[in-house]
Amino acid sequence: MKRIILFLLLSSLLFSAYGNIVDNANTVYNVTSSVAQKVYADTFGTNPDFALMLCNANGYAGAVYSANVSGNPVYITVSKNLSAGATSTLVYTSQNVNSTCNRTPVDQFAFSQFQDATRTPRVYVSAFPGRIHILYSQNIDGSNPEFAAVNYSNGWLKGDYSVARIFDENIARVNATVSSITFETDMGTITRNANDAEWGLNSSTGRSMLVALCEDDYGDVCSDAVVVNSSSDFPARLSVNQPIGDTVHYDRYVVVDGLGYPICIGADLYVSISTPGSLSYNESGNVTITITNIGNVRITTDFIVNLSISGPGGYYAYTNWTITETLLPGQSTTRNYTFNATGQSGVYTFRTFADATDVLSECDEGNNNATGTINVAPRRILHVKIDDNETYYFPMWGYPYNVTMWVTDSDNNTLTGLTFRITETNGLNPFVPTQVWNSSGTLIGLKSYSIGEYGSNSSGYAMFTIVPTCNKLYTIYAGENVGAYVGNYSITVNVYQGGSPVPLYFNGSTVYDHPLFVSNTSCAVPEWTNDKELVNKNKYVLPVYDWLYEVYSIMKRIALP
């Protein structure tokens, strides 16, 4: 707080006076550059004659580009006294405007078209855009100068600069380079390189710039300033004059002829987060957090990065890491988190924050956080009850079983409006019995399918009878390798909803052909007690098997007459 008060007092002492650039009618005027003369000078192009108006002060005055470096002014004078035979630079503010302001005569003051090293202060050419200060003194030689601010609204030399500004931590300097200059001229906007032979810097003709490192964008409170006479003098190396580290940062401006271009000197964490975007229930995905020092000061202080996860049903998880590695400017480090999608479906939000305990001082605290999401899609799980036992295994071939099927998602919702399609491949099929055809020495197998389809009730359940048939070809003729030509025996279930296939979660994977199994495939006939009640036993199942028996009998009589 003491430093702020001192700055305010210093500012009020140095710049309580203020000034304007005015024409002969005391109207504030912005100055443009002359395409013909390539200077910001009076009466060239659209510019009228100018005067300097000085308020809350009086004395000998001139236009300067200046920087206040720790109380010591660094400046170049860009105006001159036009009086015949004058050897001085400054012009007295002899004309009264009002009770607080006086001005120079317009026929004595001029922005300089030529340099003059013989005058005091030395005169430079007003070749480049910027915001001037008015230097005023009680002495014609400009000794013991004071400076009055001239704001944008009070007139300025219109234009802009392209300024590269890079802080070099190894030498604690800001390297500033002006690559191009944009002039607002009487013929429009013109941009030229700083080394342009006519428009650019030139030490022999006095086309120079004042480059400073300041706390403000004008040059009132600066740590360093240099006069640049040639583009070969770039980069200008400007001292910060402050301790450097990751627990302090400084918001500064590279000020070129009174026009400020911001630079922050300090560390700066930037955080990004990468997620898979989407997962299905029970899948795992990697979440990567990347922490980058995009500042210009190395980070050596340990800091904490945290990650919070929120999701459906009040889900919440939290973790953090301590970052101990040094991060040079531009360097990154990563941390990884494995997310297991075992909760409810929906969107999970991942929020990460770097330097959670605020131990670092950064140029931008607003880029320390990042957000990512993972959309967890529910899995569909086929449930099968075989004779009231929930299992995917039939105990034995050749026997009828009561089967109930339904599908739930991983949120425990039962799906409705389903169609179950059950396919037995290479079972005992009287319509097209399993066969292998020898076609001129090439064995071709006939694959057999038996398909049943059943719709669910309004609650999503389907109940029916299944008889896995017993195909002894796989046991009696195992030595002939029948399976190589016709394929293996299988039972699969496909589920449809509204005509679209439903993906099912089985054994860690998503499948559309959900398998069922037969535990005992020997076709051996065990002891049997006929006490089972089947779904639709008397009305459908027994008549079908009676007819099937007749079909087999007829076929056998034909095969063996």
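**Disulfides and their surroundings**

Author: Cys 363 has a relative accessibility of 22%, so this residue counts as partly exposed. The model is a predicted one, and a search of the whole structure turns up three disulfides. Cys 363 belongs to one of them: its partner is Cys 264, and the two sulfur atoms are 1.9 Å apart. The torsion about the S-S bond of Cys 264 and Cys 363 is about -90°, so this disulfide is left-handed. The link connects distant parts of the chain, 99 residues apart. Cys 264 sits in strand E19 (residues 259-265), whereas Cys 363 sits in the loop between strand E26 (346-354) and strand E27 (369-377). Cys 264 has a relative accessible area of 17% and is therefore buried, the cut-off for that label being under 20%.

Another disulfide is formed by Cys 55 and Cys 101, with a sulfur-to-sulfur distance of 1.9 Å. Here the angle about the S-S bond is 110°, and the link is right-handed. Cys 55 is part of strand E2 (residues 51-55) and Cys 101 is part of strand E8 (residues 101-103), so the pair ties together parts that lie 46 residues apart in sequence. Both Cys 55 and Cys 101 are buried.

The remaining pair to describe is Cys 214 with Cys 222, joined at an S to S distance of 2.1 Å. Its torsion about the S-S bond is about 85°, so the disulfide of Cys 214 and Cys 222 is right-handed. Cys 214 counts as buried because its relative accessibility is 1%. Cys 222 is buried as well, with a relative accessible area of 7%.

Strand E16 (residues 222-228) also holds Asp 224. The relative accessible area of Asp 224 is 19%, so this residue is buried, given that the label requires a value under 20%. The side chain of Asp 224 reaches the backbone nitrogen of Ser 239 at 2.9 Å. Leaving aside residues up to four places away in sequence, Asp 224 touches Val 69, Ala 212, Leu 213, Arg 237, Leu 238 and Ser 239. Ser 280, by contrast, is 56 residues from Asp 224 in sequence and 60 Å from it in space, C-alpha to C-alpha.

Ser 208 is located in the loop between strand E14 (188-193) and strand E15 (209-214). With a relative accessibility of 3%, Ser 208 counts as buried. Its side chain makes a polar contact of 2.6 Å with the side chain of Asn 229. Not counting residues up to four places away in sequence, the residues touched by Ser 208 include Ile 76, Tyr 124, Phe 128, Leu 201 and Val 227. Val 228, Asn 229 and Asp 257 are also among the contacts of Ser 208.

One item concerns the surface. Val 436, Leu 443 and Tyr 485 make a nonpolar surface patch of about 220 Å². Val 436 is placed in strand E33 (residues 435-439), and its relative accessibility of 37% makes it count as partly exposed.

The link of Cys 264 and Cys 363 is left-handed, the link of Cys 55 and Cys 101 right-handed, and the link of Cys 214 and Cys 222 right-handed.

Notes
Residues are numbered from 1 along each chain as its sequence is written. This is a predicted model: local features need pLDDT of at least 70, side-chain atom pairs count only at pLDDT 80 or more; totals for chains, interfaces and linings use all residues. Side-chain values use heavy atoms; hydrogens and water are left out. A disulfide is a pair of cysteine sulfur atoms within 2.5 Å. Helices (H or I, at least four residues) and strands (E, at least two) are DSSP runs, numbered from the N terminus. Buried means under 20% relative accessible area, exposed over 50%, partly exposed in between (1.4 Å probe, protein chains only). Contact means heavy atoms within 4.5 Å. A polar contact is a pair of N or O atoms within 3.5 Å; within protein, one must be able to donate a hydrogen and the other to accept it, and residues adjacent in sequence count only if both atoms are side-chain atoms. Patches are made of residues with over 30% relative accessible area and no salt bridge: like charges are joined within 9 Å, nonpolar side chains (Val, Leu, Ile, Met, Phe, Trp, Tyr) within 5 Å. Accessible areas come from the Shrake-Rupley method with a 1.4 Å probe; for residues, only the protein chains shown count as cover. A salt bridge is a side-chain nitrogen of Lys or Arg within 4 Å of a carboxyl oxygen of Asp or Glu.
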